[in-house]
There are 2 protein chains.
Amino acid sequence: MSDAKMAMVNAFDAEAASDLSAADRALIERRARLLGPAYRLFYEKPVHFVRGEGVWLFDPEGQAYLDVYNNVASVGHSHPAVVEAVSRQMAVLNTHTRYLTDGVLDYAEALLATMPPALGHVMFTCTGSEANDLALRIARHHTGGTGLIVTETAYHGVTSVLAEASPSLGPNMPRSPLVRMVPPPRAEGRDAAVVGAEFAAGVKRAIDDLAAHGIKPAALLVDTIFSSDGVRADPPGFLQEAAQVIRVAGGLFIADEVQPGFGRTGAAMWGFMRHGVLPDLVTMGKPMGNGFPVAGMAARPEILESFGRDLRYFNTFGGNPVAAAAGLAVLGVIRDEGLMENAARVGAQIKAGLETLATRYPAIGAVRGAGLFVAADILEEGRPSATLAARIVNGLRARRVLISASGPRGHVLKIRPPLPFSSENAALFLEQTEAVLALI
Amino acid sequence: MSDAKMAMVNAFDAEAASDLSAADRALIERRARLLGPAYRLFYEKPVHFVRGEGVWLFDPEGQAYLDVYNNVASVGHSHPAVVEAVSRQMAVLNTHTRYLTDGVLDYAEALLATMPPALGHVMFTCTGSEANDLALRIARHHTGGTGLIVTETAYHGVTSVLAEASPSLGPNMPRSPLVRMVPPPRAEGRDAAVVGAEFAAGVKRAIDDLAAHGIKPAALLVDTIFSSDGVRADPPGFLQEAAQVIRVAGGLFIADEVQPGFGRTGAAMWGFMRHGVLPDLVTMGKPMGNGFPVAGMAARPEILESFGRDLRYFNTFGGNPVAAAAGLAVLGVIRDEGLMENAARVGAQIKAGLETLATRYPAIGAVRGAGLFVAADILEEGRPSATLAARIVNGLRARRVLISASGPRGHVLKIRPPLPFSSENAALFLEQTEAVLALI
């Protein structure tokens, strides 16, 4: 396998593939011919999907796969309320924000109502990458600084400046001299004040190192559930001190809510609220339109002031009436179907189930997470094992259960289903996981 | 008016607004409260739209506005074929490119079939900004260079690196030390070889200046119709020498087709084809999904090779089945409704009509363009006049005809309707333009 494929957890490797069907092999070749070499598939044996419904994806033979991974179709695949909202609005009007339209304002109002009042404005982009890139532009303009602090295995997006600040893209990705990486928070049974002080001390060291190189910090940018750092949710509160430290140094605290946002943690609509911390800028994406490309950034008004005065922002498709309709429908479904409460309840069930499995299978180490974002460390002889994690991920795939792995050493199971995941779905997932564990 | 609003052609200025209705004033205030200060509206008196159909947009009173400006709803507002394709696909499956799906490959094949065979791969993003940003990442990785050459009033997007390479965003936007700006091609009745040599000489000077600062060039990035430089379409062929010059220096030639692409010039699906030049990378966006957020980048396979080997690219929503369905529907409509041929025919009618008006109204100077992208310089006492251009743009808006202005001095009318613009629509536009000219 190439270094770059090694660097991606759960990447398909054509050279190692053996038991592909003729149809899948042809499809993979066609894909490589048309899309080129930069695309990666999941799994030793990739999956081919033709239909999705709720928490299920279906292959061309009509076989159902339990989706325990996808956080984009967060309110469920092909949710009729979102399909209808998009279809209806597309047939009526789809234009941009340099004309007055009502939908974007109705959506902005509903979205801001889910946040603390201090976050008074929201701006719309099409992707989480664009949202983080915009947040960085605004942070740099507001603070006059250029330095950026992220965690050691962070992922924040694919634009030029974000890829350079996303060490999870692997060692071949050049790092920017303006970026510093800090260790993610490590709970290990300690309380929030201790974990928070340790994390903040890392941020302080990064600030000092930037200063030693003559670089003023613009921002500390963190995914508030530290997804690619192996999922670090607890103990709630550990973000507060670091947010304080970056502000004292003149930088902003940016909460990347692309993964924890929209109720996934079960405890609050936004990951930062779970930590009782108020960010200067908040970015969001993936689940925002249930797959319709919509993303955005909320801001404390005082942070936007100079950017809005000196510059402007226009995103051709950002905040268009169809995107707004998709976003508003998603908020409605989360509320009407009680999905945040469901995430709390079913997430706790999954966590407890994995903890029980851990008592019987030494391959399962620590179990972490919040709501329907659960992680389990996979160990072999007590040590982190990406190989064993990959065997579990691929073993589940063979049983038509979709999860993946992540973390700095690729040994962390990533369990992150659509939010309508039921108690029965969770029981099936745990049952299949146990069946795989029993075989390895 | 603030400097930043001065820097944007046709920006609404709340301080100067007088005759707004109470409803519009309330809507504008609500918008500022929710979206903050970085958003800009068009026109002295903004327009509020609630419905779009074909080449018409409708305000809340049901008044129809002739759309002579919007190139995103390029096959016509709310086109039923696109609405249906998106609605149908959304109800079935919307997932990402790490699973095998068929739609993205069918679309990739159809899209690449509109280009020279040397452009063998296509990658998908959600916005033109993301496409240009990706092209720049790939150019830098492939060449090992970092320098970027653009035109003096270029616009290429809103990500951090692209905003710094988009001088049309105004003087408050910081410039990157890695970017050089060159004068756009100036035809002035001369033949392609002369215009091309002059443009290429500018590029050569920029390469030399980069070299003098120890910077190796990565790319020359140009919008092949030079939209924000005042629309520079003729004479076809003038891009060839510059493409040669950048390659000799080790850089790539990137064609930004976000504006001229998808048949708008009437002469070819892509602006670069009109010039008989083969780019290394081609970026596209705006009209690609008729308003659905889809964009992309085509590449010569050899350019992608090292990027694909050393790194990877994943765009969460990019190339999802719904985006692919939207894109495929747009290609189908362009072909089935003969929209490229229509752009050639009706574009020629508009150009000829404006040239006739120029003989009677000294306010109209040179008329330029290709297909349904037409520009007219506005002069006062023979000199470029942004003030007069603004009066014409706002005069047409009062008559419910939508255009805008652009160019380095804001004096160029930008006439760029949806492609199904008919001969009758063109006649109405010319009639209304004459009525406005007669009054100023």
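Let me begin with what I mean by contact: two residues are in contact if their C-beta atoms, placed from the backbone, lie within 7 Å. With that in hand, and keeping in mind throughout that this is a predicted model, we can turn to the place where the two chains meet, to which chain B gives 86 residues and chain A gives 86 residues. On the side of chain B that touches chain A, the elements that each supply at least two residues are helix 2 (22-35), strand 1 (51-53), helix 3 (80-90), helix 4 (103-112), strand 4 (121-125), helix 5 (128-143), helix 6 (160-163) and helix 10 (301-310) of chain B. The largest share of that side, seven residues, is contributed by helix 10 of chain B. If we sort the side of chain B that touches chain A by class, we find 47 nonpolar, 24 polar and 15 charged residues.

Now let me step back and look at chain A as a whole. Chain A has 14 helices and 16 strands, and its radius of gyration is 21 Å, close to the 22 Å that the globule rule gives for 440 residues, so chain A is as compact as a globular protein of that length. Taken along the principal axes, the box filled by the C-alpha atoms of chain A is roughly 60 × 55 × 45 Å. Of the 440 residues in chain A, 62% are buried, and among the contacts between residues at least 6 apart in sequence, 74% join residues at least 24 apart.

How many of its five residues are buried? The count is five of five, and strand 10 of chain A is thus described as mostly covered. The cover lies over both faces, with A295(A), M297(A) and A299(A) buried on one side, and G296(A) and A298(A) buried on the other. As a general point, the side chains of a regular strand alternate between the two faces of the sheet.

Strand 10 of chain A pairs in the antiparallel sense with strand 4 (residues 121-125) of chain A, over five bridges, and M297(A) is there the bridge partner of M123(A). Strand 10 of chain A also pairs in the antiparallel sense with strand 9 (residues 281-284) of chain A, over four bridges, where M297(A) is the bridge partner of T283(A).

Elsewhere in chain A, four strands form an open sheet with mixed pairing, in the order 1-2-3-14. At the edges of this sheet stand strand 1 (51-53) and strand 14 (401-402) of chain A, each with a single partner strand, so one side of each is left without a neighbour in the sheet. Strand 1 of chain A is paired with strand 2 (residues 56-58) of chain A in the antiparallel sense over three bridges, and L57(A) in strand 2 is the bridge partner of G52(A).

Helix 11 of chain A, residues 321-336, has 16 residues and reaches 22 Å from its first C-alpha to its last, close to the 22 Å expected at 1.5 Å a residue. Since 12 of those 16 residues are buried, helix 11 of chain A is largely enclosed by the rest of the structure. The buried residues include P321(A), L328(A), V333(A) and I334(A), and what covers the buried residues includes helix 3 (80-90), helix 4 (103-112), strand 4 and helix 12 (339-360) of chain A. Just after helix 11 of chain A comes G338(A), with a positive phi of about 60°.

In chain B, the 13 residues of helix 13 (residues 386-398) should span 18 Å at 1.5 Å a residue, and its end C-alpha atoms are 18 Å apart, which agrees. Which residues of helix 13 of chain B are buried? They are A389(B), A390(B), I392(B), V393(B), L396(B) and R397(B), and they cover an arc of only 160° around the axis, which puts them on the same side of helix 13 of chain B. On the other side of this helix, T387(B) and A398(B) are exposed. The buried residues of helix 13 of chain B pack against strand 12 (373-380), strand 14 (401-402), strand 15 (404-406), strand 16 (412-415) and helix 14 (423-439) of chain B. After helix 13 of chain B comes R400(B), whose phi is positive, near 60°.

Technical notes: Residues are numbered from 1 along each chain as its sequence is written. Chains are lettered from A and ligands numbered from 1 in the order in which they are written. This is a predicted model: local features need pLDDT of at least 70, side-chain atom pairs count only at pLDDT 80 or more; totals for chains, interfaces and linings use all residues. Ala, Val, Leu, Ile, Met, Phe, Trp, Tyr, Cys and Pro count as nonpolar, Asp, Glu, Lys and Arg as charged, and the others, Gly among them, as polar. A residue is buried if 20 or more other C-beta atoms lie within 10 Å of its own, exposed if 12 or fewer, and partly exposed in between; C-beta atoms are placed from the backbone. Two strands pair if DSSP finds at least two bridges between them. The radius of gyration is taken over C-alpha atoms; the globule rule is 2.2 Å times the number of residues to the power 0.38. The expected span of a helix is 1.5 Å times one less than its number of residues. The arc is that of the directions from the helix axis to the C-beta atoms.
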